[in-house]
Structures are given as structure tokens and as C-alpha cells.
Amino acid sequence: MPPASAPPNRSQRWIATLRRLVTSWWFRQSPSRQDRLATLGPLISVLLFLAAIISAFWYLRNEEIERETESVKRDTEIAQQQIRLRLIENQEQLVRIAREVVTRQIDAHEFSAQAQAFARERPELTHVTWLSARRERRSSVGAAGFQADGLMSADGSDPSMPMPNQSNPPAVAFEAAKERRQPVYSAPFPDTNGTIVFQLHIPLIDRGGFAGVLIAEYTVEALLRYYVPSEVATRHSIAVLDVPRDQVVASTVTPMPGQMLRRAALLHDVPLAPALNGLVLRGQGWRTSIGLINNALFWLVLALAGMTVWMLLGTWRHMRRRTQIQNALTLETNFRRAMENSMLTGMRAMDMDTRITYVNPAFCAMTGFLETDLVGRTPPYPFWPSDRREDNARALQQELQGRSPSGGVEVKIQRKDGSQFDARVYVSPLVDTKGKQTGWMTSMTNITEAKRVRDQLSASHERFTTVLEGLDAAVSVLSVNPPELLFANRSYRLWFGADPAGHALLAGGQLVGTTSRRGLTDSSDEVDDYSGLPAEALTDVGSDPREVYVESLAMWFDVRARYLQWTDGRLAQMLIATDITMRRHAEAQAALQAEKAQVTSRLMTMGEMASSVAHELNQPLTAITNYCNGMVSRVRNDSIDKEALMAALTKTAKQAERAGQIIHRIRNFVKRSEPQRQPAHAADIVEDAVELAGIELRRRNVAIHTYVAQRLPQLMVDPILIEQVLMNLLKNAAEAIDNASLPTSRRHIELRIVPKHSAELGGHIEFSVTDMGPGLPDEVLARMYEAFFSTKADGLGIGLGLCRSIVESHQGRIKAENLYNGSLVVGCRFAFTIPVTITSEQLPQESAPDASGSAQRTEPTAP
């Protein structure tokens, strides 16, 4: 196997051999011959370079000619295809209309409507005409889509009319269509205006007989203008030739007057299909290159190479700047044109003679007239109603003289279909860039809908005012600065008259934005602090409802206030005051009844606990009697010293203090007093409630276990009322256990006070009383809070209902539920909540109570 470096070594050997041969041949030449060869070398190089340039120019010239020839051919065929498709499409539409005419689906009037729609969308047509078999005109529609009664007259003056016994192209096409029973295109001919046209005759065959023709007349110039693509027309000249007459009928290039077009070097002819009426579509192209010998660039290419590069760089920079400027100009022009076309306001320009020179699409859309119908018109304009022309002319003259109002002039405008609408017109001078007035610019806005809305708003305002006047509540609006009563309904005027002081009285302070006046206080906390703030921020801010007592009227009002922005932009305060005097009286009576019910409930509770209280007081009283008797006996026997006497007296005082505490707590519990919220600790409330309930629990031989969580937040409650709820729940639990005669293992109650937090209630403290009793039936759970419903034979049914009222008055909730072991009821749990603010450190930890005394356990005492 040969080594990998063998091929490079072989090529190197060939190169080295060739170098040796050339070197040996060069050194064999004489010095003079070497000089001639050295001079001839650059010349040969230049000649080869020139030969290469000549070959390249010749090749590129031939390539350019071939490309241009193919381009002319391709563009001519594209133009032929566009015109052919348009003629075929029009012919199919006319055949369809002819079929409807023959089958009598349309009459002459309906034909005119269809022909108008047909001709309006086809600018290449001069007219569409329906002739009978006798060459009588049934209907004729002009190019603009309107009825043209002057076309196709039978007097012989119209060259487009196929007259009998004549050999003009329309007559020949008419006879051909009659004989062949097929669409026929006529030869081109000049119409009355001298325009070269040709016709398409569609025969009307009615039950095998000839019934006439539909004639569509085309202008050759319009076919070229509208259906030769713009990119084709910009590249090459497209012309239509009349071959029999050997003349150009129409062309996309118009020569200067008095000059003849240079004959094109590249031509391509195709027939004007599908007409095939002697017209030929000719594409023309010109060679852009010249002969190589006369090409000065060939001789100057070397000398101007450096200058060409420099000029190209400068031209590139210049063209880049021109392109940027042109793009900016194009964008600006397109932007202005888009603004004009998208504006909903109609714009009209007039010259100094009040001749219309410009209208935008919005103006045409408003009036229904085309731009061609309006441009060039002078007063009276076609959109002026006939019965208002004098008024509109007078208003126009006032506007041109500068005496029109600043808010414009309201005029009536008549659309093309005869309908009218209200418009507001503004006229301003039209000044050119040199500061010279060239005319007038008019803007027109349709205000028909605005006027309708304004009328509806007026009617709505009347209805709204009627509603406000009929309200039983007082509604008033007072501006902030200066204080002015902007609105007051009937109820306000009935109670306070038209005096803004009534508004300030309901608002709970002095007049907005003023100091002390009308006998009102000028305390700084009653002055309206919003008078200097922006109205946008205040109008989004509401206020809580307030209840205000008006002493002069002896009436209570529920007042709701809100800042708003008045119709003139001023900041104002709106008040809605509803008479709630009857409701307040009812609430006062209900509160009085509730207070009496609370006192009654506490008295009933203590009445039920009377025997237990008597037993509880009997113990310290008996102990006091025994201590006193013992001391008397020992004093008589002179067997007591001073220390023993002091000890006995101390014990007697403690027993008396214990009895006094029992009496004091019972008196505080049952005495009648107004509910008063104050800071309180849950542990203190529980301690008092458990001590009072312990009398009843010991009498019924029921144990209680209490757990109070540490670091509980402070409560804002009436402690006596909360203590009453706990007393009621503990007493009910003890009665349920005792009445069920449960064994000792189930004769205990658990009282837990823990902080909690939930998404529904937020932070709160939960008081729960759980017993191991028989539970509550479902029907009792459903009705336990009803007034006067009780399961006790001697109960009044106000205990739990009163407990719920107390808890809810503290914004808390109370609930009851049975405890189950499977399907067996093993107890009942009552719980109520009091809302507080709880931090994360105060939430309970799921652990047993510590030894610091946070959990308390009280065992039952034998009765």
C-alpha cells in the first residue's frame, strides 16, 4: 500500500519540472528579446482584458435583447389575458341578463336596474342597450349607470345604432347575431364623440325565434386603461391596432403634441381575444443597449474606474438620503390620505368663487353623491333641500363673511335619495403655504343622532327629576366651594326649606368650604377637608351611612353622603337622608325588652340556684358560728392565749369574706344595668362564671374541666353578658347530665377557651362547652333558638335565644352540635365566638396544657 503523501509529492514534482522548463527557456533568450517580451506582456494583458470586455458586452447585449423580447411577449400576453377574462366575464353576465329577458323574468324597468348595476361597475362600457328584433330601443343605460334616453336614437345620427340596410359595423354585427344566434363582436368604429369603440351583440332567442339583441359597447381606450396591469404599462407600451386600417386605435403611451413615437425595435402582436374583430394587441419594447463600437463606456472604463467607484459611493449616500426622504414623504402622504379617508367628518374645499374643489369620502357617504357629482359645482349645491336653498345660501354668505357663530351653523342636508338629516357646519379660510387665502374649508358633522340623544336625555332628566321629587327621602346636592345648594327634592324642601344649613346639619358639620356661619360650630374636625382635592379622586370614594338626630324636627335620619362632580365641573357633596324615626323607636323598644329579658333570665338562673346558693352560704356561716362559740367557751374557761385567739379570729374573718364574695358576685350578676363594653380578659370572665356555676354543678354532682389558652388577646365585651352566656350553657349541660342519671364516668363538662383564625370569620376567640350527656334531638337542634321554645316542663324558652342575641350583638356566632361515636350520640357541644385581632404567636399549639396553670381542673364537691 503506497504512503498517503505520494500524490502531493507527484504534483510538486510536476510543478518543479514546469518551473525548470520555463526558467531554462527564459534564460536561453537574449536580453533584447527578454525586453520585448516584458513590454509585450502588459499589452497582451490589456488586449485580453479588452477582448474579455468586448465579449462580455456582446454577450450581455444579446442576453438583454432576448430578455427584453421575452418580457415584451410575456407582458403582451398578460394584457391579452386580462382583457380576455374581462370580456368573457361581461359576456357571461350579459348572456344571463338576456336569458332573464327572454324568459320574461324581468321587464324593461327591471332590466334598467340590472343594467345600471352592471354598467356602474364596468368603466370600459359606454352604454348597455336592449333592442327589439325591429331595432326598436327598449331600454338604454349609460356608462355612469343612469338611464340614457338620448343613446341609440333611431333617427340615424348615432353611429352606434345598427340601422337597417346599412353596412356599418353595428348593423353587420346585428345581422350576424341574428343569423348565427350567438354573441358577436362588431368591428371597431368611431362613435359620436370620435372615440373608437366596438360592440358585443347578445341575441335574444324566444322559443326559437329572434327577439332582439342586448348591445354592450366597449371603448378600446378604457379597456387598455383599466385592464392592462400598471406594472405592465410601466415596463412596456401596449397599443391596440386596427389591422384593416393599419392605424393605432389606443395606446398606453401618449406622444407629445406634434411628435411621433419612435418605432419600437421589439414588437409582439396578439389578437384581442375573444373579440377577433380585426383588433390586435401590440406590445412594444425598445433596446436599451447600443453597438459596442459606439459605446464610450468601453473606451473610458479603465480611466473612469476609480472615479466611478468614488461617484458610486457618493451616489449611494445621496440615494440613501433621497430614499429616506421619499419614504418619509410617502408615509406622510399615506397618513394624510388615510386620515382623510377614515374621518367621519365630511370635509369640503371651495375656491374663492365658492366652487367645490374637493370632497372627502365621508362627505360623499353623508350626502350620497359621488365626487364627480360635487366637484366643480357652485351654489345652489345638489345637497341643499329645495325648500331651504335661500336659507342655506344666506348662511353660507354669513360664514364666508366671518359672521358665523363659533359653534357652527345647524343646517338641513338632503341626500341623493331625497332623505334629509341635520348637520353642523364649520367654515374656515383655506390658506396656502405663502399665507394667501385660496378658498374655504368646510367641515360637516351629522348631528341627527346627537339631537335625538339630547332630546332623550332631556326627557330622561324630566323623568329622573320626577322620581327624585316623589321620594320620601331627602336628596340634596351642595357645592364644595362656594357652598351653594345645587339641588333639593320635595322632601328636603318640606323638612328644611331651601336653606343649605339643613344639608350641613345632616352632614354632621358646618357648611362645606366655609367657616362658622348660621350659628354652626367652627370646630376644625367638622370642616370639610376635601375642598382642595381633585374631584376625580373624591368621586370614587363613598362614605359609610350615618344616623343623625335632628332636634328641631324630633326625627332620626339615615344619611348617606357621596362626593360627585357636578355638571359644570364643580366638586359637590350629595346627601340622601331617609326618615328612620319609627325604626329607631322600634329598636329602642326592642333593646328595652331585650334588657328586661336578660335581667329576667339572670333572676331565673339565680332562682333555680337559690337552694344551692343557700347551701353554699351555710358552710361559711356555720364555720363562723363554730369559731365564735369555741372562742367564747375558751375565753370563759380562760384557756386560750393571744396567738390562738388571733388565729381563730383570722379564720372567722376569712369565712365572712368568703360569704361576702358570694353575695357580691350574685348581686353583680343579677342587678339591672346598661350593656357596657369594656376591655376584659377571657380568663377573668371564665373564673367568675365557673365560680358561680360551681354551686349548681356541685349540687348536681357534675365535675368541670376548664382550659384557657395562654397569651389570649384582650376582649372588648360586656363581661356580665358573656358571663351570663357561659352560666346558661354550663347550667344546661349540668341539667342534661343530671336528668339523664348518667354514671359518674360521664358526669363531667369541659370548658375550653382558645384563639382561632379562619377565612370566613377571621381572628376570634372560641368558647366551647362540651358535655357527655345524651345530646339533642334533630328537631330540638333546628328550633332551639326560637322564642318561647323549651324542652323543660317549667322553662320559658328565652335562655338560648337570649344567648344568641348577646353573642351576635358582639359580632360573634353560636352553634351547637352532637358528638358521635359511630352512629351513637356520646355528648353535645355548644360553642360561640368573639372576634378579636390574633397574631401568629397567639394561635394555639396542639399540645397538652403546661404546668403553669393555663389549664385548670375542678373536681365535683359532694352536696
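Two strands pair if DSSP finds at least two bridges between them. With that in mind, let us take a walk through this predicted model, one close-up at a time.

**View 1. Four strands make an open antiparallel sheet.** Reading across the sheet, the order is β8-β7-β10-β9. Strands β8 (247-251) and β9 (266-271) stand at the edges with a single partner strand each, so one side of each has no neighbour in the sheet. On average, neighbouring strands here are turned by 30 degrees against each other, direction ignored. Look for the six bridges that link β9 to β10 (residues 279-285) in the antiparallel sense. Among these two strands' residues, His-268 has Gly-283 in β10 as its bridge partner. Helix α5 (residues 220-227) packs on the sheet, where it touches β7 (237-242), β8 and β10. The direction of α5 makes about 40 degrees with that of β8.

**View 2. A second open sheet has five strands.** Here the order is β17-β16-β20-β19-β18, and the pairing is antiparallel. What stands at the edges? Strands β17 (485-488) and β18 (546-550) do, and each has a single partner strand, so one side of each is left without a neighbour in the sheet. From one strand to the next, the twist averages 30 degrees. Strand β18 is joined to β19 (residues 555-565) by five bridges, and the two run antiparallel.

**View 3. The largest nonpolar core holds 45 residues.** Val-686, Leu-715, Leu-726, Ile-749, Ile-753, Phe-767 and Phe-832 touch the most other members of this core. Several helices and strands supply at least two residues each, including α19 (682-699), β24 (748-758) and β27 (824-835). The largest share, 10 residues, comes from α20. Zoom in on Val-686: leaving aside neighbours within four places in sequence, Val-686 is in contact with Val-708, Leu-726, Leu-751, Ile-753 and Phe-767. Elsewhere, a second, separate core of 41 residues includes Ala-115, Val-141, Phe-198 and Leu-204.

**View 4. Strand β22 is largely enclosed by the rest of the structure.** Why can we say this? Six of the six residues of β22 are buried, so the strand is largely enclosed. In a regular strand, side chains alternate between the two faces of the sheet. In β22 both faces are covered: Ala-703, His-705 and Tyr-707 are buried on one side, while Ile-704, Thr-706 and Val-708 are buried on the other. Strand β22 pairs with β24 in the parallel sense, over six bridges. Opposite Tyr-707 you will find Arg-752 in β24.

**View 5. The largest cavity has a volume of about 140 Å³.** How many cavities of 30 Å³ or more does the structure hold? There are two. The lining of the largest cavity is made of 14 residues, and Arg-348, Trp-384, Glu-399, Val-411 and Val-425 lie nearest its centre. Elements giving two or more residues to this lining are α11 (389-400), β13 (409-414) and β15 (437-446). Helix α11 gives the most, with four residues.

**View 6. Ala-504 sits in helix α14 (residues 501-507).** Is Ala-504 buried or exposed? At 1% relative accessibility, Ala-504 counts as buried, because buried means under 20%. Now find Pro-483, which is 21 residues from Ala-504 along the chain. The C-alpha atoms of Ala-504 and Pro-483 are separated by 9.9 Å.

Technical notes
Residues are numbered from 1 along each chain as its sequence is written. This is a predicted model: local features need pLDDT of at least 70, side-chain atom pairs count only at pLDDT 80 or more; totals for chains, interfaces and linings use all residues. Side-chain values use heavy atoms; hydrogens and water are left out. Axes are lines fitted to C-alpha atoms, for helices over the stretch in contact, and angles run from 0 to 180 degrees between N-to-C directions. Contact means heavy atoms within 4.5 Å. A nonpolar core is a set of buried Ala, Val, Leu, Ile, Met, Phe, Trp, Tyr and Cys residues joined through side-chain atoms within 4.5 Å. Buried means under 20% relative accessible area, exposed over 50%, partly exposed in between (1.4 Å probe, protein chains only). On a 1 Å grid over the protein atoms alone, a cavity is a set of points where a 1.4 Å probe fits but cannot get out, and a pocket is an open set with protein on both sides within 12 Å along at least five of seven lines; lining residues have an atom within 4 Å of a point. Grid points are joined across faces, edges and corners, and a volume is the space filled by probe spheres set on the points.
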